[in-house]
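Good morning, and thank you for coming. I would ask you to keep the sequence and the structure in view while I speak.

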Amino acid sequence: YTSVDRGLDKAAQAMEQALEAATPTETGKTKDSWEIDFKYKNVRYINNTSVNENGIPIVNLLEFGSKGKPFVRRVVQAEEENIINIIKGEIEHGKTQ
C-alpha cells in the first residue's frame, strides 16, 4: 500500500499541475485554487475551491454552463496514460522508505 499511496501522491500532483496549466487565465483565482485531498489511503481527490458570488463552483460553470469553456474532462482524458504510468512506475520501481 505504501507504493500505491506514493504513486497516487505523484499522480495527483501531476494532474493538479495539468489542470492548473489548462485553467483559463481570465477566471481570476480559479487557476490557483486547485487542491489535493491526501487524507484517505489509496484515494486522492483533486478539487477546485474557487466559487462565484453565489457560492457556485466556477469550475462547474466552466464545464457545464451555457457560456462555459470546458477543459477538465479533456485534461483528465489526455493525462490518463501518464497518470497510470506514474502509479505503475512507483509500484514497480519505487523504494520503500
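First, some conventions. Residues are numbered from 1 along each chain as its sequence is written, and side-chain values use heavy atoms, with hydrogens and water left out. The model is a predicted one, in which local features need pLDDT of at least 70 and side-chain atom pairs count only at pLDDT 80 or more, while totals for chains, interfaces and linings use all residues.

The protein contains 3 helices and 2 strands, where helices (H or I, at least four residues) and strands (E, at least two) are DSSP runs numbered from the N terminus. Their order along the sequence is α-β-β-α-α. The C-alpha trace spans about 45 × 25 × 20 Å along its principal axes.

How much of the protein is buried? Of its 97 residues, 34% are buried; buried means under 20% relative accessible area, exposed over 50%, and partly exposed in between, with a 1.4 Å probe and protein chains only.

Let us turn to helix α1. Helix α1 covers residues 2-22, which is 21 residues. From its first C-alpha to its last it reaches 30 Å, close to the 30 Å expected at 1.5 Å a residue; the expected span is 1.5 Å times one less than the number of residues. Its buried residues include L8, A11, M15, A18 and L19. An α-helix has 3.6 residues a turn, so residues three or four places apart point the same way. The buried residues of α1 pack against β1 (34-37), β2 and α3 (72-93).

Where is E79 found? E79 belongs to helix α3. Setting aside neighbours within four places in sequence, E79 is in contact with M15 and A18, contact meaning heavy atoms within 4.5 Å. E79 and A11 are 68 residues apart in sequence, and their C-alpha atoms are 9.6 Å apart in space.

Why does N52 count as buried? N52 counts as buried because its relative accessibility is 19%. A polar atom of the N52 side chain lies 2.9 Å from the backbone nitrogen of N54. Not counting residues up to four places away in sequence, N52 touches I58 and L61.

Terms used
A polar contact is a pair of N or O atoms within 3.5 Å; within protein, one must be able to donate a hydrogen and the other to accept it, and residues adjacent in sequence count only if both atoms are side-chain atoms.
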